[in-house]
Amino acid sequence: MYSEYYNLTGKPFQLTPDPNFYFDSSTHRKAMAYLSYGISQGEGFIIITGEIGSGKTTLVGRLLQSLDPAQFVTAKIVTSQLDADNILKMVAAAFGIDIMVTDKAIMITEIEKFLRNNNKQGKTTLLLIDEAQNLTTQALEELRMLSNFQEGNKALLQSFLVGQPEFRDKWAFDPALEQLRQRVIATHHLSPMTAEETKEYIEHRLTLVDWKGNPQFAEDGLAEIYKYSGGVPRKLNTLCTRLLLFGAIEELDVVDGELVKEVLADMEQDNYAASASARQAQNGGLGTNVANGTNGMPSSEVAINISEEEIAEAKEAGLTASSELIKLRKRVVRLEKNIKIHDQTIKGTIDIVEDLLDA
């Protein structure tokens with residue numbers, strides 16, 4: 001919806017990792033340099049870690065996108081809690097090796113045959129493991145064993161391990177992984193972006209969908225965005241999506257500090273409502289603060305009712321009950337407007353389908 005209002009050709013802040021939207025911040029540039037160095041070495045393990053939402057998956061996707069398929073055979077695995085036997089099955093499946101048996105020795109033999117065949121064709125085989133913090137020590141040892149396959153003095157498989165910060169501690173200090181540590185040739189931890197990089201990140205993504213400066217991001221708005229996100233890409237994407245949606249609904253052309261604060265308040269309220277619903281479900285009821293109408297359904301005024309406890313909390317926060325009511329009423333109006341827009345969109349879609357059927 002906001003794409004149409006701001007004349008954008010796509011969704012610049014979608015949460016699904018997309019290598020086409022890769023932003024070359026200083027920390028991502030350094031990580032990419034280590035990955036490129038690892039490829040040039042053709043052996044060992046490269047380890048990249050970072051907080052949740054720091055852009056690890058997008059980084060890996062960008063790397064795979066940049067490789068020539070005529071020279072590289074690549075596979076990517078996103079792991080859950082895999083044991084030693086299952087990691088071998090996942091490796092085989094990721095490379096498209098058809099293994100109908102569960103015998104471990106046969107699986108290893110088939111993987112080795114696959115690696116040697118790639119080497120004969122002059123191709124490098126790369127294995128990328130995402131969410132590597134989920135791997136057991138035994139599974140990591142199996143990956144190390146696969147790295148032992150050689151043709152002369154050339155390794156037949158190179159592995160990149162990408163995971164959250166706890167994986168950094170695991171491979172660095174687990175006594176059982178000493179041999180793997182000796183195979184690690186480079187490692188990098190992704191750090192958050194700076195305030196200036198955050199601004200460039202937002203403009204970079206918007207430019208990729210033909211942004212022409214509308215909406216404009218004011219300096220105080222960018223400051224509030226950075227204050228909330230801390231330079232973490234996923235947090236930025238979540239907030240900026242909400243900002244564009246809110247801006248389209250309210251027909252706003254400037255994202256300033258006040259707008260960011262209002263959207264953040266909405267997000268906090270949504271999170272509180274979700275957690276309250278979860279608590280109510282866990283307690284087996286709706287709770288005492290919700291006034292029920294007929295047939296156990298909430299009455300139409302529930303959305304703007306405020307309990308005595310909430311009024312007290314508002315006063316402690318320096319807010320009056322009336323201002324809270326105004327905010328809630330404004331939110332109801334926005335929701336009704338949003339629903340109307342969605343209804344119009346659905347009606348338009350139905351009309352198009354009916355025209356196609358008639359044709």
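Trainee: Say a salt bridge is a side-chain nitrogen of Lys or Arg within 4 Å of a carboxyl oxygen of Asp or Glu. Which residues are linked in a network of them?

Mentor: Glu 112, Arg 116 and Glu 151 form that network. Keep in mind that this is a predicted model, where local features need pLDDT of at least 70, side-chain atom pairs count only at pLDDT 80 or more, and totals for chains, interfaces and linings use all residues. Residues are numbered from 1 along each chain as its sequence is written, and side-chain values use heavy atoms, leaving out hydrogens and water.

Trainee: How many salt bridges are there in the whole structure?

Mentor: The search finds 9. Side chains of opposite charge can pair when their charged atoms come close. One of the bridges joins Glu 110 and Lys 113, at 3.4 Å from N to O.

Trainee: How far apart are Glu 110 and Lys 113 in helix 5?

Mentor: They are 3 residues apart, so about one helical turn separates them. Helices are DSSP runs of H or I with at least four residues, strands are E runs of at least two, and both are numbered from the N terminus. Glu 110 is partly exposed at 26% relative accessibility. On that scale, buried is under 20% relative accessible area, exposed is over 50%, and partly exposed is in between (1.4 Å probe, protein chains only).

Trainee: What does Lys 261 form a salt bridge with?

Mentor: Its partner is Glu 258, and the closest N and O atoms are 4.0 Å apart. Both lie in helix 12 (residues 257-283), 3 residues and about one helical turn apart. Glu 258 is exposed at 56%, whereas Lys 261 is partly exposed at 43%.

Trainee: And Arg 29, which side chain does that one meet?

Mentor: Asp 24, at 3.2 Å from N to O. Arg 29 is partly exposed, at 43% relative accessible area, and Asp 24 is partly exposed too, at 34%.

Trainee: Changing topic, how many aromatic pairs are there?

Mentor: The count is 3. Phe 23 and Tyr 201 make an edge-to-face pair, 5.8 Å centre to centre with 90° between the planes. The rule takes rings of Phe, Tyr and Trp (its six-membered ring) with centres within 6.5 Å; planes under 30 degrees apart are stacked, over 60 edge-to-face, the rest tilted.

Trainee: Where do Phe 23 and Tyr 201 sit in the chain?

Mentor: Phe 23 is in the loop between helix 1 (2-5) and helix 2 (26-41), and Tyr 201 is in helix 9 (residues 195-207), 178 residues away. Phe 23 and Tyr 201 are both buried. Phe 95 and Phe 114 also pair, tilted, at 5.1 Å centre to centre and 40° between the planes.

Trainee: Are Phe 95 and Phe 114 buried or exposed?

Mentor: Both are buried.

Trainee: Which residues form a nonpolar patch on the surface?

Mentor: Met 100, Val 101 and Ile 106, with about 300 Å² of accessible area together (Shrake-Rupley method, 1.4 Å probe; for residues, only the protein chains shown count as cover). Patch residues have over 30% relative accessible area and no salt bridge; like charges are joined within 9 Å, nonpolar side chains (Val, Leu, Ile, Met, Phe, Trp, Tyr) within 5 Å. Val 101 is in the loop between helix 4 and helix 5 and is partly exposed at 38%.

Trainee: What does the secondary structure come to overall?

Mentor: The protein has 14 helices and 9 strands. Of its 359 residues, 40% are buried. The accessible surface is about 19,700 Å², with 53% belonging to carbon and sulfur atoms.
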